[in-house]
Amino acid sequence: MKKVTLGEWGRKLPVGFVEKDKFNREFAFRDLDLGVEREIQKARSKEKLRTNGEVTYLVLAKLLTSLGGVKLDPDKPTETQALLSKCWLADVLYLWAWLRYEACGGDVTIPYPCPNPRCGHIEEPPAHFDLCGFDVHVPESVAELTGMWKLKSPYEIRSQTIGSFKLQPPTWSVYMAADEAEGDFTAKLLLSSICGTDKHDSILLTDQEVNKLKRPDYMGLNGEIDKLVFGPKLVVDHQCTKCNTKGSMFLDWGYDSFFS
Ligand SMILES: [Zn+2]
């Protein structure tokens with residue numbers, strides 16, 4: 001794995017579509033103009049989209065004209081969404097960040113509350129960050145997309161005792177499946193990353209099956225999955241100008257704040 005910045009990496013996916021031993025990292029957008037923006041607003045209110053994931057899905061589907069060598073028609077967003085749901089989380093987040101860069105430039109202004117609760121200072125004017133300087137983790141070989149976790153407490157799944165799980169990077173489906181309000185993102189991350197076992201070449205676990213994991217195993221699995229999380233790190237580091245406390249915060253990548 002290597003670490004680059006978004007500005008250095010440019011217009012290509014951090015992971016991409018795997019073709020034999022190579023990555024196809026190509027993508028293209030049409031321009032985000034007022035016409036498209038109005039289509040997006042109309043669709044958002046009609047479909048009553050709530051979560052960041054749902055809105056991201058819709059916006060990308062309205063704009064992508066090709067992805068990983070597949071030609072896409074922005075007038076058929078359902079087909080693009082079907083393709084996106086199988087993409088790596090890393091790639092979709094990167095598409096989102098790159099779209100923001102192309103549409104509005106790299107300068108991100110965000111209200112940044114001081115991490116020290118006794119200070120509570122909020123920068124005025126808000127803090128500035130350059131999207132081009134954000135770290136992006138990129139795999140250098142297809143082999144880096146596979147991980148393994150040996151269970152400390154083996155358990156039975158579909159009448160077989162499972163000793164280990166095979167792991168892959170999380171896919172975008174985690175954001176579509178997780179109810180952000182309920183905070184079940186971590187469980188969905190496990191469901192999306194566990195792709196096989198020592199008894200199954202490929203498997204999709206159910207909620208009930210993943211719920212049987214004991215604490216040391218799911219903590220360990222989370223650590224292994226962390227190593228498979230590529231793409232942009234949308235985290236900003238900042239130092240409070242009033243009390244000098246240093247902190248970091250996830251960038252709010254919701255459409256309304258991220259594209260303002
Ligand atoms: Zn402070």
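Colleague: Is Pro125 buried or exposed?

Modeller: Pro125 is exposed, with 7 other C-beta atoms within 10 Å. For the cut-offs, buried is 20 or more other C-beta atoms within 10 Å of a residue's own, exposed is 12 or fewer, and partly exposed is in between, with C-beta atoms placed from the backbone. Keep in mind that this is a predicted model, where local features need pLDDT of at least 70, side-chain atom pairs count only at pLDDT 80 or more, and totals for chains, interfaces and linings use all residues. Residues are numbered from 1 along each chain as its sequence is written.

Colleague: OK, and where does Pro125 lie?

Modeller: In the loop between β7 (107-110) and β8 (127-130). Helices (H or I, at least four residues) and strands (E, at least two) are DSSP runs, numbered from the N terminus. The C-alpha atoms of Pro125 and Pro111 are separated by 8.1 Å, and the two are 14 residues apart along the chain.

Colleague: Switching topic: what is the chain divided into?

Modeller: Domain 1 (2-139 + 232-258) and domain 2 (142-229), with bounds from an automatic or database domain assignment. Their centres, taken over C-alpha atoms, are 25 Å apart.

Colleague: How many residues does the contact take from each domain?

Modeller: 16 residues from domain 1 and 13 residues from domain 2, where contact means C-beta atoms, placed from the backbone, within 7 Å. On the domain 1 side, α3 (52-63) and α5 (89-104) are the elements that give two or more residues.

Colleague: And which strands make up the open sheet?

Modeller: Three strands in the order β1-β9-β13, with antiparallel pairing; a pair needs at least two DSSP bridges. β1 (2-5) and β13 (231-232) stand at the edges with a single partner strand each, so one side of each has no neighbour in the sheet. β1 and β9 (residues 135-138) are joined by four bridges, and Thr5 stands opposite Asp135 in β9.

Colleague: What about α2, how many of its residues are buried?

Modeller: One of the 14, so α2 lies largely in the open. Helix α2 (residues 34-47) reaches 20 Å from its first C-alpha to its last, close to the 20 Å expected at 1.5 Å a residue, the expected span being 1.5 Å times one less than the number of residues. Lys48 follows α2 and has a positive phi, near 50°.

Colleague: Last one: where is Thr78?

Modeller: In helix α4 (residues 77-84). Thr78 is exposed, with 7 other C-beta atoms within 10 Å. Thr78 and Lys62 lie 9.5 Å apart, C-alpha to C-alpha, and are 16 residues apart in sequence.

Note on methods:
Two residues are in contact if their C-beta atoms, placed from the backbone, lie within 7 Å.
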